[in-house]
Amino acid sequence: MTGAKWNSMNASTPLAPTVRTTCPYCGVGCGVLAQADGSGGAAVTGDPTHPANFGRLCSKGSALGETVGLRGRLLHPMLRRADGTLRCVPWPQALDRVADGFRKVIERDGPDAVAFYLSGQLLTEDYYVANKLMKGFIGSANVDTNSRLCMASTVAGQRRAFGTDTVPGIYADLDLADLIVLVGSNAAWCHPVLFQRIMCNKADRGARIVVIDPRRTVTAQEADLFLAPAPGTDTALFCGLLVHLAEHGALDQVYIDAHTTGFAETLARARAIAPDAAATARACGLAEADVEQFFNLFYTAARTVTAFSQGVNQSAQGTDKVNAIINCHLATGRIGRPGMGPLSFTGQPNAMGGREVGGLANQLAAHMGFAPDEIDRVRRFWSAPNMAQREGRKAIAMFEAIERGEIKALWVMATNPAVSLPRAGAMRDALKKLELFVVSENVLSNDTINAGAHMLLPAAAWGEKDGTVTNSERCISRQRAFLTCPGEARPDWWIVSAVAQRLGFADAFAFAAPAEVFREHAALSAFENDGTRDFDLGGIATLSDGDYDTLQPVQWPLRTDEVPQAEKRCFAEGRFYTPDRRARFVPPEPPALREATSAAFPFRLNTGRIRDQWHTMTRTGLSPRLAAHLAEPFVEVHPQDAARMGLVDGGFARVATEHGAVILKVLASDHQQPGSLFVPIHWSDETASCARVGELVAPWTDPYSGQPEAKATPAAVAPVAFTRRGFTRTREALALPCGTWWAKVATADGVEYRLATSQGPMFWHDFADRWRTPDARFAEELVGGVYRAAAFLDGHLDSCFCIAPSGAPPQWDLASLAAAAAEEEGLRIPKSQACDYIGGTEAVVCACFGVSLEAVRQAIRGGATNVTEIGRALRAGTNCGSCLPELRRIVFDERFAHPV
Ligand code: SF4
């Protein structure tokens, strides 16, 4: 394919009136209807026909149209000069440089000296081409992905139990279950559309909800029973449950005998870990009555779904936790039948597609591993000259090998490891050692690029990509382009293929369109597949280009009979993918955290997501309305701990581990357990002065999955004092003075920085004077210790700045300054623009309609008694519904917990 096609239009040129595509965020995989608006944005609504969401979107999906602009986009290949600056280079030169660099390292140091680090954001076609190049042609299995940080323990647990990485259940089970157990999942924020589905079941059918999570999240507040076990003890809880089920006659002995092995040994291990409810309660730090209630709920509800997510996976014992859950479902035969089964909520939009391709270092391709016959089969299918013969390095091991200088060339695609990896600071330093460091990206700047990437390759972004993704219920959907690639951006599959061709593999990488890649991927899954692999897309391996373009969501396993789409569950009749076709009960190890807390680090650091941001905010961070929910990086701490440590709610704290430190706003909340801290993962050096929580996380990994523990690093917390707070709003990003605490927030026409400082007004007067555009008119005042400044360009407010003593209520209102300036200078500030600054720090609860916390509180004080009445009064919660759990919490708090 030539570059001309990709260059011919700009991003705002609509290709079609409305395009059916999928959301690029979480693993729910919602269908989206998107239409370019012709001015750089897009209109986005939920696709009512998509089986994942039936028209619903959460706050993130609803705001997608605000994120497709070109601000900050990488539009051309760029090469880093010796002086550290970047310059544009033509594609042929960039591709030659990448291919030559890899060739040189491979010839000198062997194929294991190079690596690819991929992403659950890539499309299946991108994944397939990268995996094929590394494992079949370069000859190494050093291909891993940020999915290692996300779902690897589920992959390992399912492979141990089922002999295949297959999620048994489907979303429809959430409609049919009588009991839904959510383990380590803040689904209300992280998988909102599925959570809405669960809440509909609760409202319509009376399904009971149990939430198991160390934090009292917004998900937990909707539960009939909430259990907050001590960190790392989920295995004991599910061992106790297995014993309880056995003791109370709840086992499905027919299923156990016919379809499984290892039950007796597993039950004996469970008895040793948690022999009864009392012992379980002690092991987990729970009330015995709560444990008994959970056990009895599970015992009595035949239709039970146990849904789990990052709280289970991101653990140094994550695989055992997954198997402890699966053991309970196998023992009761509650698997693969309507309303029953373990159901992993996948984090990323295409983590599942990456797993199908085999884009993990311990998989080969298409659900095949590194057994000699599998290597040979894939070799013959690919006509591959240089097959990898063994597993490669998983993510943490891969970056540690970079740190030791053993891996010398790395290609990072669509992910930001300098932020997201454990020990992120050390990993960023390690990247500087690379001889060749290539990054395929959408953005011109992020922490990984700024670690010194030698070559930047502009990749297509959401809205421009064309291919397939697979969601948490094995449903393959098309992601379609509704914008053309801007500048010289190219699809990732095209970029990798072009490098492969330059490495001498032109025939094997002569792909001209994503449909060709998909057909080959599907054909490989069916190649010599005599039923020993359930991942078999043979039925759609010969789609025409037209059929591929119009492909409807399709769930695997594909079946030739007329099984309705919503009934594609697995394993109700056994037929697992182990050699004897029986599932394996797996006895877990006793729960134990890797490292104890200490006097120096007395807290447990838990990390996670917030409702309206995604990963490192490179996309969601562009949306003003998503920024309005929780705009600043924070540490959530129990009020008792806050008081004990001298922390002030709304003040600042330094959170440290032996690996690094960050400075965050303090959020005192009894939703947090005493002794633990919660910090969101989203902020990076691009969006805050000192808030990269990955820097703090220990690199302990699960022995089976290689997934790192992100929920229990020993940590310390201490207050940090700033004498002044403030903000500045500008059109373009600013370099703020060293020592300033800042968080960057998107606005409709530029950026806002929230500031904290111990520098006085004189310092900021000098700064504002330097920072303003030279030909701008400047107005400033210092009243009562509050310094305000505004710059006017062409008679309009261009930028402004305000700094006030920390103890004083924030005075963000520039109206008086604006009025004075207008009077004196004849300058104009539109009323709406001036008013923007009033209450600029007020949290917004409903992102869709911009309804603030204070407005909700006022509505409750004015008589609203529930979310329906709030919706009627303010519209809050009446669009995507993501804020409904928070609204319910606010209603409760205002009416009962903290009435005024
Ligand atoms: S739940 Fe939200 S983030 Fe997840 S796929 Fe759906 S719209 Fe996107």
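Mentor: Two strands pair if DSSP finds at least two bridges between them. Keep in mind that this model is predicted.

Trainee: What makes β2 and β3 a pair?

Mentor: Strand β2, residues 31-36, and β3 are joined by 5 bridges in the antiparallel sense. The cut-off is at least two bridges, so the two strands count as paired. Within this pairing, alanine 36 stands opposite alanine 42 of β3.

Trainee: Why are β1 and β3 called edge strands?

Mentor: The strand order in this open sheet of 3 strands is β1-β2-β3, with antiparallel pairing. Strands β1 (19-22) and β3 (42-46) each pair on one side only, so they are the edge strands. From one strand to the next, the twist averages 35°.

Trainee: Which residues lie nearest the centre of the second largest pocket, and how many line it?

Mentor: The lining holds 44 residues, and Arg71, Leu622, Glu686, Lys744 and Val751 lie nearest the centre. The volume of this pocket is about 990 Å³.

Trainee: Which elements give two or more residues to that lining?

Mentor: They are α24 (624-627), β28 (741-747) and β29 (750-757). Strand β28 gives the most, with 5 residues.

Trainee: How do you know which class Leu622 and Lys744 fall into?

Mentor: Leu counts as nonpolar and Lys as charged, so Leu622 is nonpolar and Lys744 is charged. The lining of the second largest pocket has 19 nonpolar, 18 polar and 7 charged residues.

Methods:
Residues numbered from 1 in each chain as written. Predicted model: local features only at pLDDT ≥ 70, side-chain atom pairs only at ≥ 80, totals over all residues. Heavy atoms only, no water. Helix = DSSP H or I, 4+ residues; strand = E, 2+ residues; numbered from the N terminus. Axes fitted to C-alpha atoms, helices over the stretch in contact; angles between N-to-C directions. 1 Å grid on protein atoms, 1.4 Å probe; cavity = no way out; pocket = protein on both sides within 12 Å on 5 of 7 lines; lining within 4 Å. Points joined across faces, edges and corners; volume = space filled by probe spheres on them.
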